[in-house]
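Please have the sequence and the model open while reading.

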Protein chains: 2
Amino acid sequence: MRAVHTVKEIREFLESEKNIGLVPTMGALHAGHEKLIQTARAECDVLVVSIFVNPLQFGPNEDFARYPRPLAQDLEVCERNGADFVFVPSVQEMYPLPQVTFVDVERVSEHLCGKFRPGHFRGVATVVLKLLNVVRPHRAYFGEKDMQQLLVIRRMVSDLNLPVLIAGVPTVRESDGLALSSRNRYLNAEERKAASALHRALQEAANRIQAGEQDAAKVRQGAVALLNDSGMIRVEYFEIVDPVELQPVDTIKGPVRIAAAIWIGTTRLIDNVSA
Amino acid sequence: MRAVHTVKEIREFLESEKNIGLVPTMGALHAGHEKLIQTARAECDVLVVSIFVNPLQFGPNEDFARYPRPLAQDLEVCERNGADFVFVPSVQEMYPLPQVTFVDVERVSEHLCGKFRPGHFRGVATVVLKLLNVVRPHRAYFGEKDMQQLLVIRRMVSDLNLPVLIAGVPTVRESDGLALSSRNRYLNAEERKAASALHRALQEAANRIQAGEQDAAKVRQGAVALLNDSGMIRVEYFEIVDPVELQPVDTIKGPVRIAAAIWIGTTRLIDNVSA
């Protein structure tokens with residue numbers, strides 16, 4: 001018998017050998033997802049992609065029903081990019097009983113999208129934990145476009161001692177800077193054109209900070225004005241936050257994340273950059 | 001590539017081979033714990049006992065500080081009963097960062113102890129999930145004395161797709177019926193004598209139900225009167241509940257659990273029986 005005092009040590013005794021990668025998605029796969037899958041493929045022996053539109057992370061007035069579900073095309077994308085398994089459960093398969101167990105990641109989910117989508121990150125954390133428990137990957141891959149999601153998952157994994165590495169993969173953008181998103185397909189031609197202002201405003205804010213501006217309110221004001229100029233955009237939030245717990249920063253003295261959510265018509269878009 | 005639609009199937013493809021058993025405890029081991037360890041020893045190849053007094057599950061006015069911690073004796077108990085590993089982490093090892101991730105098991109934790117110890121089952125569920133993630137056992141063992149805890153963990157495991165079997169092990173009792181508990185050592189001789197009324201009252205309630213009484217209020221009334229007779233006991237709750245989600249039952253038509261918490265002096269004791 002051996003008395004063991006650290007997580008690291010007990011884990012070394014019990015560890016299995018496989019190197020499994022998981023890319024959790026809601027389907028409607030685009031080039032951003034492809035980059036996730038390709039990164040995972042290069043780093044793992046066994047590659048699992050999951051496709052599941054998770055009802056738990058949608059609010060009652062959100063787009064769960066109309067969220068795109070082009071399954072045949074999605075399977076083709078997975079096949080082409082070398083997935084070994086695609087996990088495509090039904091809602092019934094994922095929630096066979098009324099779900100009464102929920103995971104909350106406080107603080108990290110407090111601001112930004114967490115503030116405007118109550119229950120969203122509870123739904124995300126809960127379903128991602130379920131998927132991690134089902135697949136038991138060594139690595140799981142998330143896009144940096146959904147930065148708050150990435151950091152919520154990272155903190156959950158750390159707080160719950162999950163033996164999985166959470167890899168963030170850089171955002172893929174259109175030539176005008178628009179971040180790829182399954183929701184871009186909701187935009188008509190005019191809205192699509194206006195949408196490029198989101199990345200432009202974030203980038204301009206980052207430039208001002210890199211040029212020495214320390215007053216977050218000033219940076220924010222300039223960016224919001226730029227977004228409002230289009231006449232088609234409603235700003236939900238535009239925030240400058242610390243890069244770990246995503247708490248708002250007043251005076252910029254170190255690395256920050258600049259994150260925004262906007263509405264164009266009935267479509268909600270988010271994006272973020274570092275500075 | 002293969003498209004997989006069920007949890008069962010994907011798991012079969014990814015499964016590891018070890019048969020690990022975990023007995024999570026807060027130490028101060030007694031014959032009830034020994035029975036857990038012995039049951040696990042008989043059923044598993046690798047046996048891990050954890051000893052951790054979890055601050056997260058104690059309320060601000062509860063007995064975290066005075067909870068007994070006889071570590072040398074506990075290690076001896078583990079050794080004697082054939083444990084392969086004893087996991088004895090520090091608080092710092094279990095909570096290296098401020099814990100912001102919490103697991104709630106709603107409904108099952110709503111009544112009984114959940115009502116009188118706000119945050120208790122959130123703390124229990126969170127630490128047990130952490131321990132399960134650290135050890136990754138195939139089976140984990142819990143005493144039926146802490147029946148609500150057992151059912152909270154079971155529902156958490158089911159809701160979160162944890163690949164672990166939660167085994168309940170029957171309560172070990174003193175000759176007068178008192179359930180073994182690490183907290184029994186708080187009782188002085190007179191209190192210890194009075195404590196036997198708890199199991200007597202539960203048993204009498206079970207007898208009345210087995211004899212055909214369907215009115216939960218009547219059963220409850222008789223049992224509470226019996227407990228009050230001692231003059232030393234304050235009843236915190238005495239409830240008749242369904243055996244899955246632990247919701248109070250008015251008219252008894254099927255299997256129930258009868259559960260109670262009492263105070264004797266500054267010591268809180270719980271117990272339960274089936275009927």
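What distance separates the centres of domain 1 of chain A and domain 2 of chain A, taken over C-alpha atoms? The separation is 25 Å. The model is predicted.

## Domains of chain A

The domain assignment divides chain A into domain 1, residues 7–169, and domain 2, residues 182–274. Contact between them involves 14 residues of domain 1 of chain A and 16 residues of domain 2 of chain A.

On the side of domain 1 of chain A that touches domain 2 of chain A, α5 (113–116) and α7 (147–159) of chain A each supply at least two residues. The helix that gives the most to this side is α7(A), with three residues. By residue type, this side of domain 1 of chain A consists of nine nonpolar, three polar and two charged residues.

## Overall dimensions of chain A

Chain A contains nine helices and ten strands. Its C-alpha atoms fill a box of roughly 65 × 45 × 40 Å along the principal axes.

Of the 275 residues in chain A, 43% are buried. Among contacts in chain A with a separation of 6 or more, 69% join residues 24 or more positions apart.

Chain A superposes on chain B by a rotation of 180° with 0.0 Å of shift along the axis, and the RMSD is 0.0 Å. The two copies are therefore related as by a two-fold rotation axis. Both copies use the same surface, since 100% of the contact residues of chain A recur in chain B.

Which residue of chain A comes closest to the rotation axis? It is A:V103, whose C-alpha lies 2.3 Å from the axis.

## Helix α3 of chain B

Helix α3 of chain B spans residues 71–80, and B:D74, B:V77 and B:C78 in this helix are buried. These three cover an arc of only 95° around the axis, so they sit on the same side of α3(B). An α-helix has 3.6 residues a turn, so residues three or four places apart point the same way.

Just after α3(B), B:G82 has a positive phi of about 85°.

Terms used: Residues numbered from 1 in each chain as written. Chains lettered and ligands numbered in written order. Predicted model: local features only at pLDDT ≥ 70, side-chain atom pairs only at ≥ 80, totals over all residues. Buried ≥ 20, exposed ≤ 12 C-beta atoms within 10 Å, placed from the backbone. Helix = DSSP H or I, 4+ residues; strand = E, 2+ residues; numbered from the N terminus. Arc of directions from axis to C-beta. Least-squares fit on C-alpha atoms with pLDDT ≥ 70 in both. Contact = placed C-beta atoms within 7 Å. Domains from an automatic or database assignment. Nonpolar A, V, L, I, M, F, W, Y, C, P; charged D, E, K, R; others polar.
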